[in-house]
Amino acid sequence: MEDLMVLQNPWWRDKDEIYNDEKIKAVFSKKNPLKYFFKKENKVIIGPRQVGKTTYLKLSILDLLEKGINPRNVMYFSCDLLRNYREIIAGPTGKGYQP
């Protein structure tokens, strides 16, 4: 599971890796990219597929990193690779959370 975490959070190795993310590259490659404004508040992001939820999250991560937040304090995790919700609870050992 840890390898999957590092794979999904490459800015943990090098904060500039966020610029190599496919979603970030797609935004910056547009002739007139959308401008986002990020407020310090909790959000619930829902919506149908392919409307920009992940792009918004990745841009939020970029914003935090550019503000100097420690990259290890910013985590992204896509559940797309999990077989079902039980894997979140069970963890890599299948025995649940083990502190």
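I started with the buried residues of α3, which are T55, Y56, K58, L59, S60, I61, L62, D63 and L65. Buried here is under 20% relative accessible area, exposed is over 50%, and partly exposed lies in between (1.4 Å probe, protein chains only). Helices (H or I, at least four residues) and strands (E, at least two) are DSSP runs, numbered from the N terminus.

Before going on, I noted that this is a predicted model: local features need pLDDT of at least 70, side-chain atom pairs count only at pLDDT 80 or more, and totals for chains, interfaces and linings use all residues. Residues are numbered from 1 along each chain as its sequence is written, and side-chain values use heavy atoms, with hydrogens and water left out.

Next I asked what the buried residues of α3 pack against. They pack against α2, with contact meaning heavy atoms within 4.5 Å.

I then looked up the largest nonpolar core and found 12 residues, among them W11, I18, I24, L59 and Y76. Such a core is a set of buried Ala, Val, Leu, Ile, Met, Phe, Trp, Tyr and Cys residues joined through side-chain atoms within 4.5 Å. α2 (22-29) and α3 (53-66) are the elements that give this core two or more residues, and α3 has the largest share, four.

I checked I18 too: leaving out residues up to four places away in sequence, I18 touches W11, I24, K58, I61, L62 and L65.

Last, the backbone. Q50 has a positive phi of about 65° though it is not a glycine, and Q50 sits in the loop between α2 and α3. Q50 counts as exposed because its relative accessibility is 72%.
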